[in-house]
Amino acid sequence: MEHAVKTCLVVDDSRVIRKVARRVLEDIGFEIAEAADGMEALAWCRAAMPDAVLLDWNMPVMNGVEFLRHLRKEPGGHVPKVVFCTVENRVEQIREALEAGADEYIMKPFDGDIIEAKFAEAGLL
């Protein structure tokens, strides 16, 4: 039986980061959607809930933690595995992300191996 292709929503206000993440995730078999901020990401999730979200912290309009809190309250919003991806490395921020419902956490700059490892840890691969 064929496995359905998993989808990942890449949420980052940097087009460059989204492009890098897209390349990595497509290489490991994901279909990708992109959003530039939390508001856009939330609209996307309401239309079609992804299997995974690669989520930036610092973004205009709605930041990553705000988006995550909203997402987890949406119907089906508990489903996506959320991997936070940020330059923030303070323990209290990592704790805040995890309390808001993040599944994994990666630091920028990241590479394909790190993304692949974290997605595997989150049970996505």
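Of the 125 residues of the protein chain, 44% count as buried. The model is a predicted one. The accessible surface of the chain comes to about 6,700 Å². Carbon and sulfur atoms account for 52% of that surface.

The protein chain holds five helices and five strands. From the N terminus on, these elements run β-α-β-α-β-α-β-α-β-α. The radius of gyration is 13 Å, close to the 14 Å that the globule rule gives for 125 residues, so the chain is as compact as a globular protein of that length. Along the principal axes, the C-alpha atoms fill a box of roughly 40 × 30 × 25 Å. Among contacts between residues at least 6 apart in sequence, 60% join residues at least 24 apart.

Helix α3 spans residues 64-73. Its buried residues are G64, V65, F67, L68 and L71. Seen down the helix axis, these residues fall within an arc of 155°, so they line one face of α3. At the start of α3, a side-chain oxygen of N63 comes to within 3.1 Å of the backbone nitrogen of V65.

Strand β5 (residues 104-107) contains I106. I106 counts as buried because its relative accessibility is 2%, under the 20% cut-off. Leaving out residues up to four places away in sequence, I106 touches L54, V83, F84, C85, T86, I114, I115 and K118. Of these contacts, C85 lies 21 residues from I106 in sequence. The C-alpha atoms of I106 and C85 are 4.8 Å apart in space.

How values were computed
Residues numbered from 1 in each chain as written. Predicted model: local features only at pLDDT ≥ 70, side-chain atom pairs only at ≥ 80, totals over all residues. Heavy atoms only, no water. Buried < 20%, exposed > 50% of the residue type's maximum accessible area, 1.4 Å probe, protein only. Helix = DSSP H or I, 4+ residues; strand = E, 2+ residues; numbered from the N terminus. Arc of directions from axis to C-beta. Polar contact = N/O pair within 3.5 Å; in protein donor to acceptor, adjacent residues only side chain to side chain. Contact = heavy atoms within 4.5 Å. Rg over C-alpha atoms; globule rule 2.2 N^0.38 Å. Areas by Shrake-Rupley, 256 points an atom, 1.4 Å probe, with all protein chains shown as cover.
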